[in-house]
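Here is a short briefing on one structure. Keep the sequence and the 3D view open while you read.

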Amino acid sequence: MRLLVAGGAGFIGSNFIRYILSNYSEVEVINFDKLTYAGNLENLTDIEHDPRYSFIKGDICDPKAVEKAVSRLGAKGLIVNFAAETHVDRSIVSAGSFIQTDVFGTMVLLEAVRKHKIARYLHISTDEVYGSVERGSFNERSGLEPNSPYAASKAGGDLIVRSYCKTYGVPAVITRSSNNYGPYQYPEKLIPLFITNLLEKKKVPLYGDGKNVRDWLYVEDNCSAIDLVLREGEIGEVYNIGGGNERQNLEITRIILETLDLDPKKWIEPVKDRPGHDRRYSVDCGKIKKLGWRPAKSFEDGLKETISWYRENRSWWKNTKKKQSEFKMSWLEARH
Ligand code: NAD
Ligand code: TYD
């Protein structure tokens, strides 16, 4: 069986490819990725010579390139689409590439799914499409109220998927997960940014009052959920995936500082809040739990292991971090 993973050189996509190759001997994986600033083939050096793995450099917004790659799958082929622009702060600076990839690119993939009668298309979405919630949790029937250009572009992608399912009978399913963390995450997101800053003895920029809440999910637990939905999810349905670990940013920052033996008073730099900053994300995961999924990793273990991974893999993030710092500096300066 052949599986095309779009965006497989990014954080979750590369972890998912590794998960599939180590759990299934019969699956061939084609990684289709544009290699934007966030895509990195070094995320996959341990499996790059596996005969079941191949890589195509391509853009999901390019119909010819997509068509060629999807035609290699055959009728039993599967597609999982991770490809997206993903960082909220970048979407606030410039939204165009988000709309292009996350909405238009999704449509291009769906057209190829239609044409080649692909067995299943799994669309990777996010809990951010529901917007912010002070109390309680969103379920899959909750309305979409995205607040950042990133979240809005992902919501647009979800609606295109829904429409292709209803109108053309495309066999699509959607997962909406909470914030992931773990190895190979680009050091622009909260956890890897703060760990790598502190390993370089730089302060960490905490937005606003630091009391915004995210529900943290270890990346491998997301991979096992995606795998389950790919096999057993019902066509046309949406599945929320959450870690059950709601934490304030300040609390996470303190745990990282404590683990690295650093004094919170010296290393936290409170900075002006992100515009439109969602206060809390929370999803009800009853539906995927009915399929038998449970997250396996505790937040305490997952965060410790992630800190160790960044400590031991400096060469992986060192160069990336230099480039990322330029974006971060101009972002923070513009906000002063
Ligand atoms: P990432 O930014 O680490 O990786 C994105 C990957 O997509 C990169 O390899 C990039 O090169 C590729 N890509 C971007 N535009 C492309 C295009 N036009 N054509 C082909 N490839 C392209 O992202 P991630 O954190 O791994 O997120 C993966 C997916 O999961 C995204 O759809 C994101 O919205 C969703 N998601 C992420 C999180 C999270 O916490 N990271 C949470 C919920 C949902
Ligand atoms: P982030 O990792 O960007 O994910 P998202 O905004 O998609 O949830 O941010 C997670 C939380 O951390 C969010 O509330 C914003 C906050 N944050 C900071 O306080 N400082 C930072 O430098 C970053 C990147 C995020």
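Which elements each supply at least two residues of the shell around ligand 1? They are H1, strand S5 (120–126) and helix H5 (149–168). This is a predicted model.

**Ligand 1**

- The shell around ligand 1 has 29 residues. The closest are Ile-12, Asp-33, Thr-86, Tyr-150 and Lys-154.
- S5 gives the largest share of that shell, three residues.
- A backbone N or O atom of Leu-35 lies 3.4 Å from an oxygen atom of ligand 1. For a backbone N or O atom of Phe-82, the distance to an oxygen atom of ligand 1 is 3.2 Å.
- Thr-101 uses its side chain: an N or O atom there is 3.2 Å from a nitrogen atom of ligand 1.
- On its own, ligand 1 has 830 Å² of accessible area, and the protein covers 97% of it.

**Ligand 2**

- Ligand 2 is surrounded by 19 residues. Glu-128, Pro-205, Arg-214, Arg-274 and His-277 are the closest.
- A polar side-chain atom of Asn-179 is 2.9 Å from an oxygen atom of ligand 2. A polar side-chain atom of Arg-214 is 2.7 Å from an oxygen atom of ligand 2.
- Pro-205 takes part through its backbone: a polar atom there is 2.8 Å from a nitrogen atom of ligand 2.
- Taken alone, ligand 2 exposes 510 Å², and the protein buries 98% of that.
- Helix H6 (190–199) and strand S8 (204–207) are the elements that give two or more residues to the shell around ligand 2.

**Helix H1**

- H1 covers residues 11–23, which makes 13 residues. At 1.5 Å a residue, H1 should span 18 Å; its end C-alpha atoms are 19 Å apart, so the two values agree.
- Is H1 largely enclosed or largely open? It is largely enclosed by the rest of the structure, because 11 of its 13 residues are buried.
- The buried residues of H1 include Phe-11, Gly-13, Asn-15, Phe-16 and Arg-18.

**Nonpolar cores**

- The largest nonpolar core has 65 residues. Leu-3, Phe-16, Val-80 and Ile-288 touch the most other members.
- Leaving aside neighbours within four places in sequence, Leu-3 is in contact with residues that include Phe-16, Ile-20, Val-29, Leu-73, Val-80 and Leu-230.
- A second, separate core has 27 residues, including Ile-191, Ile-195, Tyr-218 and Trp-317.

- Asp-227 sits in helix H7. Its relative accessibility is 4%, so Asp-227 counts as buried.
- Beyond its neighbours within four places in sequence, Asp-227 is in contact with Phe-16, Tyr-19, Ile-20 and Tyr-24.
- Arg-294 lies in the loop between helix H10 (286–290) and helix H11 (299–312). Its relative accessibility is 52%, so Arg-294 counts as exposed.
- A polar atom of the Arg-294 side chain lies 3.5 Å from the backbone oxygen of Lys-289.
- Arg-294 and Asp-221 are 73 residues apart in sequence, yet their C-alpha atoms are 7.9 Å apart in space.

Key:
Residues are numbered from 1 along each chain as its sequence is written. Chains are lettered from A and ligands numbered from 1 in the order in which they are written. This is a predicted model: local features need pLDDT of at least 70, side-chain atom pairs count only at pLDDT 80 or more; totals for chains, interfaces and linings use all residues. Side-chain values use heavy atoms; hydrogens and water are left out. Helices (H or I, at least four residues) and strands (E, at least two) are DSSP runs, numbered from the N terminus. The expected span of a helix is 1.5 Å times one less than its number of residues. Buried means under 20% relative accessible area, exposed over 50%, partly exposed in between (1.4 Å probe, protein chains only). A nonpolar core is a set of buried Ala, Val, Leu, Ile, Met, Phe, Trp, Tyr and Cys residues joined through side-chain atoms within 4.5 Å. Contact means heavy atoms within 4.5 Å. A residue is near a molecule or strand if one of its heavy atoms lies within 4 Å of it. A polar contact is a pair of N or O atoms within 3.5 Å; within protein, one must be able to donate a hydrogen and the other to accept it, and residues adjacent in sequence count only if both atoms are side-chain atoms. Accessible areas come from the Shrake-Rupley method with a 1.4 Å probe; for residues, only the protein chains shown count as cover.
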